[in-house]
Amino acid sequence: MAKPDPGAEGSDGPPAQPEQARHTGNGGEANGPGDDRLTAQPESRPQHPVVLAEQARRAEDLQLRIADWITAFAGSMRFVYIHIALFTIWMLFIESKPWPTLTLVVSLEAIFLSTFVMIGQNRQSAFQQAKADHDFNEQELELKTNTELTRQIHRLTAELHNRLLDKPARQQP
């Protein structure tokens with residue numbers, strides 16, 4: 001299993017940039033000979049196998065793509081702005097007493113949005129479990145491999161030790 005890249009973005013935020021790369025004033029390019037500033041290049045991180053499998057599975061299913069689009073849209077500021085505009089127009093221009101109808105519409109929308117949130121949470125939970133299972137299996141395999149390598153090293157070291165100690169004993173009469 002590949003070890004995590006310490007320069008990769010993690011839970012603590014983006015990777016730390018070298019001091020020289022942060023202070024380049026022209027997009028990270030060197031100014032001339034002898035200029036040791038680093039050039040900014042995008043990092044390419046390999047994706048986790050479970051992430052790739054989940055992306056492929058979701059791309060194949062139309063219902064999953066629609067659900068992803070709805071949850072992405074409902075979780076955006078565009079969604080909030082559209083609702084502010086629609087509710088304002090509704091309350092000011094469409095109905096003189098909008099509260100009963102508006103309450104009904106908002107309640108129905110809340111029911112559907114909460115359902116989408118729960119679907120998303122279930123999906124995320126299943127994804128995290130699949131990722132954890134994959135990582136556990138990889139770590140168990142690595143542990144078994146390391147244990148076997150340690151046993152072989154111990155056996156070879158003991159054999160080498162015995163050969164070196166037995167050889168001088170044979171030379172002496």
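Is Glu-54 buried or exposed? Glu-54 is buried, with a relative accessible area of 18%, where buried means under 20%, exposed over 50% and partly exposed in between, calculated with a 1.4 Å probe and protein chains only. The exercises below work on a predicted model, in which local features need pLDDT of at least 70, side-chain atom pairs count only at pLDDT 80 or more, and totals for chains, interfaces and linings use all residues. Residues are numbered from 1 along each chain as its sequence is written, and side-chain values use heavy atoms, with hydrogens and water left out.

**Exercise 1. Describe the salt bridge of Glu-54 and state where its two partners lie.**

Step 1. The criterion is a side-chain nitrogen of Lys or Arg within 4 Å of a carboxyl oxygen of Asp or Glu, and by this rule the structure has five salt bridges.

Step 2. Glu-54 meets the side chain of Arg-57 in such a bridge, with 3.0 Å from N to O.

Step 3. Both residues belong to helix H2 (residues 49–60), where they are three residues apart, or about one turn of the helix; helices are DSSP runs of H or I with at least four residues, numbered from the N terminus.

Step 4. While Glu-54 is buried, Arg-57 is partly exposed at a relative accessible area of 42%.

**Exercise 2. Find which helices are linked by the salt bridge between Asp-68 and Arg-123.**

Step 1. The closest N and O atoms of Asp-68 and Arg-123 are 3.0 Å apart.

Step 2. This pair links distant parts of the chain, since Asp-68 is in helix H3 (residues 62–74) and Arg-123 is in helix H5 (residues 99–171), 55 residues apart.

Step 3. Asp-68 is partly exposed, its relative accessible area being 24%.

**Exercise 3. Classify the aromatic pairs made by Trp-69, Phe-73 and Phe-79.**

Step 1. Rings of Phe, Tyr and Trp (its six-membered ring) pair if their centres lie within 6.5 Å, and planes under 30 degrees apart count as stacked, over 60 as edge-to-face and the rest as tilted; a search of the whole structure finds two aromatic pairs.

Step 2. The ring centres of Trp-69 and Phe-73 are 5.5 Å apart and their planes are at 5 degrees, so this pair is stacked.

Step 3. Trp-69 and Phe-73 are four residues apart in helix H3, which separates them by about one helical turn; Trp-69 is exposed at 55% relative accessible area, and Phe-73 is partly exposed at 25%.

Step 4. Phe-73 also pairs with Phe-79, edge-to-face, at 5.6 Å centre to centre and with 90 degrees between the planes.

Step 5. Phe-79 counts as buried, with 13% relative accessibility, and Trp-69, Phe-73 and Phe-79 form one aromatic cluster.

Conventions
Helix = DSSP H or I, 4+ residues; strand = E, 2+ residues; numbered from the N terminus.
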